[in-house]
Amino acid sequence: MDTAKTILNAIGQRHELNSAANTFEFELGGLGVPLNNENDYQLVATALDGLQAKGLIKHKIERTGTLYESFKCKITIADKDRFSNFY
């Protein structure tokens, strides 16, 4: 499964738990994509940028710790109808 689809599945599962919510916070590793090295981080960031460019989501990544390079990602579903159809 490609990275963008994995991320969409993670967002979709969180959305199914609370369909009224539009915004979700994830640890970057909680999006279902292994983060073992810098290339993995780049794959996730690129996939998030691609989903944002398609108008499905908006996202913001911020570093939350320096010891283990922890990152938090805030994701907002930009268009629920398009997201539902794409998901």
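Me: How many bridges pair β1 with strand β3, and in which sense?
Reply: Five bridges, antiparallel; β3 covers residues 70-77. Strands pair if DSSP finds at least two bridges between them. Strands are DSSP runs (E, at least two residues), helices are H or I runs of at least four, and both are numbered from the N terminus.

Me: What is the source of the model?
Reply: This is a predicted model, where local features need pLDDT of at least 70, side-chain atom pairs count only at pLDDT 80 or more, and totals for chains, interfaces and linings use all residues. Residues are numbered from 1 along each chain as its sequence is written, and side-chain values use heavy atoms, without hydrogens and water.

Me: Which residue in β3 is the bridge partner of Glu27?
Reply: Lys72.

Me: What is the strand order in the sheet?
Reply: β1-β3-β2, an open sheet with antiparallel pairing. β1 (23-27) and β2 (57-65) are the edges; each has a single partner strand, so one side of each lacks a neighbour in the sheet.

Me: Switching to helices. At what angle do α1 and α2 cross?
Reply: Roughly 75°, with the axes coming within 9 Å. α1 is residues 3-17 and α2 is residues 38-53. That makes them roughly perpendicular (65 to 115 degrees; under 35 is roughly parallel, over 145 roughly antiparallel, the rest oblique). Axes are lines fitted to C-alpha atoms, for helices over the stretch in contact, and angles run from 0 to 180 degrees between N-to-C directions.

Me: Which α1 residues meet α2?
Reply: Thr3, Ala4, Ile7 and Leu8. Their partners in α2 include Leu43 and Leu51. Contact means heavy atoms within 4.5 Å.
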